[in-house]
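Q: I have a chain to go through for class. Can you take me through it in plain sentences?

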Amino acid sequence: MIGSFIINQMRKNNRVPEILTNTVIPENPMFKPEFPPQEPELGVICLDEDGKPEDRVELAMKYFPRYIPDSTWIPDLTASFRYWKIRDYAYAYRSKITTPSMVAERFISAMEEFSNANLSAPMLISFDPDEVRRQAAASTQRFSEGAPLSVLDGIFVAIKDDIDCYPHPSKGASKWVHEVRQVNSDAVCVSRLRSCGVILVGKANMHELGMGATGNNPNYGTTRNPHAPERYTGGSSSGSAAIVASGLCSAALGTDGGGSIRIPSSLCGVVGLKTTQGRTSLAGSLWEASTVTIIGPITATVEDAILVYAAILGSSLVDRIPLQPSLPCLPNLSSSHETSNALGSLRLGKYTEWFNDVSSVEISEKCDDVLNRLSQTYGCKMVEVVIPDLREMRIAHIVTFGSEGLCSFNPDLEDGKGVRLTYDTRTKMALFRSFTASEYVAAQRIRRRLFYYYMEIFKKVDVIVTPTTGMTAPIIPQSALQVGETNLPVLGRLMQFVTSANLLGLPAISIPVGYDNQGLPIGLQLIGRPWGEATIMQLAAAVEEICPETKKKPAIFYDILKGN
């Protein structure tokens with residue numbers, strides 16, 4: 001009785017009956033994104049979607065600015081903090097400054113040190129030191145023979161626990177999914193990374209079954225924010241963002257069905273890319289049938305995001321026919337003249353009323369400052385836009401995401417596994433179970449209407465800009481560590497800017513732009529046209545370059561390249 005009352009109140013408070021049942025919605029339903037043909041992007045390099053991942057990565061490298069090792073390896077005590085890039089590791093390996101095996105030993109020692117100090121806050125929930133050593137030894141051998149597979153060879157990468165990475169189980173950070181679903185091979189995206197020589201370190205912690213935006217997980221412990229260990233990382237890709245922000249991995253794979261890559265990236269001060277729906281394959285993940293979820297990279301820099309994206313991209317056949325993807329492209333960052341020309345032609349759409357609807361003016365001010373610098377430096381034009389039906393957008397997304405998630409897990413939930421979920425996940429599953437078939441169809445009608453609105457906006461602008469989240473990293477209540485929590489106001493603040501990209505299948509990227517007065521990272525979100533990953537990555541690289549604030553070294557940080 002109490003549960004039914006709570007669910008009914010949640011439905012009423014969110015106006016689900018009013019919006020989905022009591023309103024006439026004339027549009028035909030759109031059950032997955034239907035992308036119209038797009039204009040070619042400017043200043044980009046096209047890739048062979050069916051080519052070898054390592055060839056795509058090497059092509060991406062050719063269009064980066066020239067790598068100057070002296071500025072990286074000569075000690076400068078006055079220099080501000082910076083993350084090591086993938087090219088820094090590659091240079092160190094090729095120059096025999098260090099080896100993947102030496103770095104692996106530092107990684108393993110750091111993981112042991114972190115685990116001993118933070119037993120209830122793991123970044124990885126499946127980790128085998130011997131497996132890491134085996135991969136590192138193979139990579140070291142390739143470098144000693146002068147035959148690395150790619151610039152990604154020997155690079156340490158974590159995989160979110162809802163993506164298959166053999167021989168590790170995929171639990172979705174639950175207590176039972178691995179009991180009903182065996183892992184016999186890598187997910188497609190993971191296989192592509194492995195072919196490039198990356199060292200797959202294990203399975204990253206996450207919000208149970210991806211059903212939350214904080215990263216809370218009483219099952220294995222809640223991953224802490226490296227910038228402020230008393231605060232959440234954001235979720236659901238909590239461990240993926242934390243392990244990158246702490247310097248232990250150059251990259252991690254996450255999934256994003258409702259901001260789950262971009263939210264933790266923003267809160268942890270790193271870069272998170274959500275691709276166009278269907279650009280990367282979901283095969284070998286817990287979300288193979290999802291129409292709102294993608295697999296994408298979390299990295300310390302935009303350059304590294306481009307490299308990992310180049311490796312993992314490639315539509316599955318089941319998506320390629322209905323979605324008809326444009327050729328995948330990458331930005332050309334090697335020519336400042338071409339970059340300036342491409343950026344100078346961009347029109348950036350900003351819905352000011354929505355943009356400023358944040359918990360602290362510091363968030364909107366930091367984001368505004370960067371946008372002003374883009375205009376002053378490159379001539380980007382700011383265009384005021386209006387995005388209607390934002391509440392309807394949120395409802396349509398939660399009904400779509402929730403119904404698809406429930407459908408995937410329902411046979412096992414009905415078989416008794418539901419009682420082994422955390423209270424937070426059980427509450428959300430109960431809400432999802434309350435959605436009717438007619439409400440699901442109504443949500444898809446709203447999806448088509450909103451898609452039309454966005455396509456009309458994209459006739460006037462090239463990129464839509466927002467803060468990534470409406471708040472910085474929230475404090476973790478002590479009680480939530482033991483039993484979890486369902487904090488809807490916090491959930492709303494974290495997700496308020498991100499769900500449109502999921503519901504409509506649009507590419508989006510979160511890029512760090514500074515800190516609030518407590519030293520907590522702030523992220524700017526760039527939302528692009530369908531298949532417009534190259535444009536938003538090029539703009540993100542410009543944001544990274546002109547951002548006025550120096551990076552702050554996280555409170556939890558390990559330098560596994562130099563070991564100091």
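Q: Let's start with glutamate 34. What does it count as at 40% relative accessibility?
A: Glutamate 34 counts as partly exposed at that value. Buried means under 20% relative accessible area, exposed means over 50%, and partly exposed is in between, with a 1.4 Å probe and protein chains only.

Q: What sort of model is this, and how are residues numbered?
A: It is a predicted model, in which local features need pLDDT of at least 70 and side-chain atom pairs count only at pLDDT 80 or more, while totals for chains, interfaces and linings use all residues. Residues are numbered from 1 along each chain as its sequence is written, and side-chain values use heavy atoms, with hydrogens and water left out.

Q: Back to glutamate 34. Which residue does it form a salt bridge with?
A: Its partner is arginine 448, and the closest N and O atoms of the two are 3.1 Å apart. A salt bridge here is a side-chain nitrogen of Lys or Arg within 4 Å of a carboxyl oxygen of Asp or Glu.

Q: How many salt bridges does the count come to?
A: By this rule, 32 salt bridges. One of them joins aspartate 186 to arginine 194, with the closest N and O atoms 2.6 Å apart. Arginine 194 counts as partly exposed, at 27% relative accessibility.

Q: What about aspartate 462, which residue is its salt bridge with?
A: Aspartate 462 bridges to arginine 347, and their closest N and O atoms are 3.3 Å apart. This pair links distant parts of the chain, 115 residues apart: aspartate 462 is in the loop between α19 and β13 (463-467), and arginine 347 is in strand β11 (residues 347-350).

Q: Is aspartate 462 buried or exposed?
A: Aspartate 462 is buried, with a relative accessible area of 12%. Arginine 347 is partly exposed, at 27%.

Q: Which residues are linked in a network of salt bridges?
A: Glu27, Asp389 and Arg449 form such a network.

Q: New topic. How many residues does the largest nonpolar core have?
A: It has 163 residues, and among those with the most contacts inside it are Phe107, Leu253 and Tyr454. Helix α12 (residues 302-312) gives the most to this core, with 9 residues. A nonpolar core is a set of buried Ala, Val, Leu, Ile, Met, Phe, Trp, Tyr and Cys residues joined through side-chain atoms within 4.5 Å.

Q: What does tyrosine 454 touch?
A: Leaving out residues up to four places away in sequence, tyrosine 454 touches Trp354, Ile387, Met393, Ile464, Ser500, Leu504 and Leu506. Contact means heavy atoms within 4.5 Å. There is also a second, separate core of 10 residues, including Leu267, Met471, Ala473 and Met495.

Q: Now β7. How many of its residues are buried?
A: In strand β7 (residues 251-256), 6 of the 6 residues are buried, so the strand is largely enclosed by the rest of the structure. Ala251, Leu253 and Thr255 point one way from β7, and Ala252, Gly254 and Asp256 point the other way.

Q: Which strands pair with β7?
A: Strand β3 (residues 156-160) pairs with β7 in the parallel sense over 3 bridges, and alanine 158 stands opposite alanine 252. Strand β9 (residues 294-299) runs antiparallel to β7 and is joined to it by 6 bridges, with leucine 253 opposite proline 297. Two strands pair if DSSP finds at least two bridges between them.

Q: And where is leucine 520 found?
A: Leucine 520 is in the loop between β14 (508-515) and β15 (521-528). It is buried, with a relative accessible area of 2%. Not counting residues up to four places away in sequence, leucine 520 touches Ala228, Arg231, Thr472, Ala473, Gly514 and Tyr515.

Q: Last one. How many helices and strands are there in the chain?
A: There are 23 helices and 15 strands. Of the 564 residues, 62% count as buried.

Methods:
Helices (H or I, at least four residues) and strands (E, at least two) are DSSP runs, numbered from the N terminus.
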